[in-house]
Amino acid sequence: MSIGVAHFLVLASVLFGLGLLGVLIRRNVIIILMSIELMLNSANMVLVTFSRYLGDTTGQVFALFVMVIAACEVAVGLAIILALFRNKDTLDVDKINIMKW
Amino acid sequence: MAGTVSETIYALSFYSLAVMCVVAALVVISARNYVVSALWLVVCFVGVAGIYVLLKAPFLAMVQILVYAGAIMVLFVMLVMLMDAGKLEPGARLQGVIRSLAAVAGAVIMLALITLSSSMARSKTEWSPWPVVEPGTTERIGADLFTRYALPFEALTLLLLAAVVSALYLARRQEGGE
Amino acid sequence: MPQELISAVEQNWIIGILLFPFLGFLFNGLGWLVLRERFPRKLSNWSACLSIAGSFLFTAAGFYLLTREEPETYYVQKVFSWLSAGEFKADFGLMFDHLSAMMCLTVTLVGLLIHIYATGYMGHDQGYARFFSYMNLFMFMMLTLVLADNLVLLFVGWEGVGLCSYLLIGFWYEDWDKARAGLKAFVVNRIGDFGFLLGIFTLFLYLHTVDFISMRSWLEVHSLEFNHMTIYGIKVATLAGLFLFLGATGKSAQIPLYVWLPDAMAGPTPVSALIHAATMVTAGVYMIGRLSFVYVHSPAALAVVAMVGAITALYAGTIGLTQKDIKRVLAYSTVSQLGYMFLAMGSLAFAAGIFHLFTHAFFKALLFLGAGSVIVGFHHKEQDITRMGGLASSMPWTHRTVFVAFLAIIGIPPLAGFWSKDEILFRSLANANRWVSDYHLNFLLWGVGLAAALVTAVYMTRWMILTFWGKSRADEEVKGHLKESPPSMLIPLGILALGSALAGFLGVPELFGINNWFEHWLEPAFAQAPAVSITLFGKEEYIEVLLMVMAITAGVLGLLIAIAVYINKPGTADRLAEQFPLLYKLSFNKYYVDEIYDWLVVRPLFWGSYYALFRLFDVLVIDGFLNGLASLNAGIGRLLRRVENGAVSTYLFIFVLGVLAVLIYLGVTRF
């Protein structure tokens with residue numbers, strides 16, 4: 001069967017799902033962040049797929065934007081994790097619960 | 001004839017890249033050592049870059065490698081080295097009821113998405129074969145980026161500025177910011 | 001166009017009558033507020049008196065102008081449009097007709113004399129500017145009441161004089177008893193005002209207007225129709241009349257709302273003279289006169305008015321017999337004389353009632369000012385007449401002028417009081433009120449009136465004897481300081497004495513061949529009363545003369561009785577008190593009415609408010625509800641807080657659930 005839109009979409013879904021599971025299951029905050037990157041990538045893939053299919057470069061431009069945003073997010077996120085680590089000396093998400101009622 | 005050959009090469013490339021991505025992703029989410037996870041994420045990103053090439057988006061593929069694999073992952077690895085916790089997470093076992101439920105929900109979502117996507121393959125009338133398009137070259141992306149999408153482009157520069165400043169502030173040495 | 005509207009002549013000077021006192025009020029009030037003790041006393045005195053003088057001059061000039069016009073003509077001035085909502089229209093409009101001109105004249109003339117007197121009386125008081133500003137404000141309000149061309153503006157003046165009464169009675173407010181007297185006056189008045197308001201509402205509901213002229217013209221055209229209007233079986237005219245009369249009993253101190261007037265003597269004597277003798281208390285009588293064309297449609301209401309008036313006249317007199325305070329006797333006398341006025345109004349003798357109002361203003365003001373002169377003579381230290389006496393020699397001019405008023409009030413001809421009182425007695429017997437004469441109540445009314453005249457003579461003579469005649473019973477040291485009052489006080493006394501003596505000749509009855517000027521002057525203002533004639537031996541004149549003789553006899557008899565009791569055999573009074581202890585106690589304690597009111601009305605109201613409304617409802621229900629609401633909020637908050645458990649995984653889980661929900665929704669609706 002020739003590769004069609006569906007194939008790429010299924011791939012993207014799988015990657016998205018794996019990323020989602022990583023976010024939900026893992027306790028290490030760095031891995032959670034990496035899983036989020038995974039999800040972002042899958043979204044990018046969908047964008048590019050449809051850009052290819054519709055012949056409009058808009059999809060790719062937006063994928064570019066998403067990448068920029070992802071970069072910013074990673075920078076700030078890691079800075080926060082660093083600060084958190086310095087304070088609580090742990091990367092375990094379950095142990096960071098001071099915002100309790 | 002040429003069509004079927006390129007088609008086969010195309011399909012082969014796709015499947016190998018797909019497997020590479022999925023396997024790498026699996027390792028990322030299940031590895032006990034987060035350094036390992038980081039490195040395998042790089043692999044995944046490279047795979048995704050390959051997918052982009054298949055999707056006639058060479059510029060984006062290069063940017064993917066430069067930014068994601070090159071910059072972001074380097075950042076990750078650098079931070080990981082900085083925070084040498086020395087303590088590795090005792091297994092990615094599911095801890096607590098919430099986590100299990102969450103895993104189930106996540107799996108359900110994944111399945112739903114997959115179903116949705118694959119259902120598109122079956123509808124023959126909607127999705128005709130790939131049209132012939134121009135590849136997403138630098139010129140074409142650039143043309144769009146600086147004309148039609150100039151505003152979001154400028155806005156993103158502001159975002160970058162904000163991100164730089166906040167990251168600097170948050171990560172400073174004394175009384176680390178909140 | 002109705003006749004009345006043709007007779008109205010637009011003028012623009014009527015406002016002047018009101019403007020002067022108002023400016024005086026502002027000037028004195030602001031001067032006091034800004035300058036306090038540095039506000040010159042002389043400036044205050046002169047400004048206050050001059051403003052009233054200005055008012056009087058305008059009134060007199062206007063009165064003169066009015067005499068040159070046709071009898072039906074009257075002056076109007078619309079100052080500004082005040083209230084206007086659909087059908088309801090009440091302007092700040094002034095009406096200077098024969099009745100209001102007469103009233104204004106009385107009010108401004110007597111008011112002026114009292115203001116001049118007050119400059120002497122309040123000569124040593126620290127609050128002089130405040131006093132005169134209140135007095136001027138009162139004059140403004142009273143004149144507004146009298147000049148108003150609609151019920152609503154009249155009510156404004158009505159309330160205004162009530163306010164000033166409160167302010168002036170409680171003028172020396174540092175004394176709690178005096179302040180409380182002011183409060184009592186205001187509160188009791190308020191009860192009456194409630195009735196007054198109901199009356200206004202009733203009239204507006206059925207007449208669709210509150211303007212006097214419109215009311216009158218409508219009623220003259222639709223008289224029969226109005227006569228048949230009823231609410232739940234009661235005639236509208238009767239209901240409105242009774243409601244309005246309730247207000248009058250409050251303002252004019254009749255049964256049942258007279259209780260504030262004796263206590264009101266706590267105020268300075270000029271206040272008692274002006275407000276509680278000559279002007280404010282007559283507002284109720286004026287009101288009935290003004291609305292005569294409504295009242296004639298309800299003989300029943302007028303019968304009530306007449307009966308209440310007559311009974312009050314006798315009742316108050318019996319209390320005055322035993323009182324010891326020099327002003328309190330006069331207070332009860334005022335209540336009693338007001339009763340006469342209402343007796344006249346109720347017998348459809350509107351002009352007679354106003355005539356008595358006019359003469360009474362003179363001699364009652366004179367009596368009060370004389371009492372004030374005595375009080376000043378005693379340096380405000382003594383007001384008990386049982387400790388006075390012999391003042392005829394120490395205060396000759398005060399005595400002479402007061403003596404004139406005394407003769408007037410007990411009805412000795414040819415002084416003013418005789419003419420007006422006699423007219424009332426005659427009209428109560430030859431009663432034009434169908435309701436009264438049908439049940440032969442006219443004899444009762446006349447009899448009560450005559451008895452009241454007798455009692456009046458007795459207690460007034462007693463008052464004169466104890467205060468002025470005989471030997472002085474005062475302490476030695478006080479006796480030495482007794483001297484006559486200054487001219488600022490004596491001159492007004494003199495002028496009022498002239499008035500008391502001569503004013504009566506304005507209303508001499510027809511039978512003497514002279515035109516009854518007063519009655520003719522007021523004729524256009526009132527509704528037509530049916531003519532009644534009673535005859536003795538076929539001639540009307542005989543009855544009149546007979547009644548006159550009987551009235552004089554009553555007066556002289558009362559005088560002789562008092563002389564017998566108090567002069568010829570001293571100690572008789574005390575022995576009588578011992579022999580009839582119950583009667584004495586009832587009289588001296590004002591029939592315990594204040595105590596009855598206290599237990600029947602005041603205490604239940606207070607306890608009800610405090611325990612039921614406050615403790616029960618306010619604290620328990622309202623506060624409970626509000627506090628409960630707050631604690632409900634807090635409780636729910638406490639419960640909901642548990643969601644925030646600080647664990648990221650929980651948050652993510654909820655997040656994912658949300659996504660799932662959206663997906664399911666989309667899936668279900670799209671596929």
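A: Happy to, and we can go through confidence, then the interfaces, then chain C. Please keep in mind that this is a predicted model.

Q: What are the overall scores, ipTM and pTM?
A: The ipTM is 0.91 and the pTM is 0.71.

Q: And what is the mean pLDDT of chain C?
A: Chain C has a mean pLDDT of 87, with 97% of its residues at 70 or more. For chain B the average is 83, and 84% of the residues score at least 70.

Q: Which elements of chain B have the lowest and the highest mean pLDDT?
A: Helix α4 of chain B, residues 96–122, has the lowest mean, 81. The highest belongs to helix α6 of chain B, residues 150–170, at 94.

Q: How should I treat places where pLDDT is low?
A: The predicted coordinates should not be read in detail there.

Q: Okay, interfaces. How many residues are in contact between chain A and chain B?
A: On the chain A side there are 72 residues, and they are in contact with 89 residues of chain B.

Q: How much area is buried there?
A: About 7,400 Å² is buried between chain A and chain B, and carbon and sulfur atoms give 76% of that. Looking at what chain A buries against chain B, Met34(A), Arg52(A) and Tyr53(A) supply 11% of the area, more than any other three residues.

Q: Which elements of chain A give two or more residues to that side?
A: Those are α1 (5–25), α2 (29–54) and α3 (58–88) of chain A. The most comes from α3(A), with 25 residues.

Q: What kinds of residues are on that side, by class?
A: The side of chain A that touches chain B has 48 nonpolar residues, 16 polar ones and eight charged ones.

Q: Now chain B and chain C: how many residues are in contact?
A: Nine residues of chain B are in contact with eight residues of chain C. The area buried between chain B and chain C is about 730 Å², and carbon and sulfur atoms give 92% of it.

Q: Let's switch to chain C itself. How many helices and strands are there?
A: Chain C has 30 helices and five strands. Its C-alpha trace spans about 115 × 70 × 55 Å along the principal axes. Of the 671 residues in chain C, 55% are buried.

Q: Is helix α12 of chain C mostly covered or exposed?
A: Mostly covered: α12(C) runs over residues 269–278, and ten of its ten residues are buried. Among them are Pro270(C), Leu274(C) and His276(C).

Q: What covers those residues?
A: The cover includes α4 (98–121), α5 (128–147), α6 (151–169), α11 (260–263), α16 (326–346) and α17 (350–377) of chain C.

Terms used
Residues numbered from 1 in each chain as written. Chains lettered and ligands numbered in written order. Predicted model: local features only at pLDDT ≥ 70, side-chain atom pairs only at ≥ 80, totals over all residues. Heavy atoms only, no water. Contact = heavy atoms within 4.5 Å. Buried area = accessible area lost by both parts, 1.4 Å probe. Helix = DSSP H or I, 4+ residues; strand = E, 2+ residues; numbered from the N terminus. Nonpolar A, V, L, I, M, F, W, Y, C, P; charged D, E, K, R; others polar. pLDDT = per-residue confidence, 0-100. Buried < 20%, exposed > 50% of the residue type's maximum accessible area, 1.4 Å probe, protein only.
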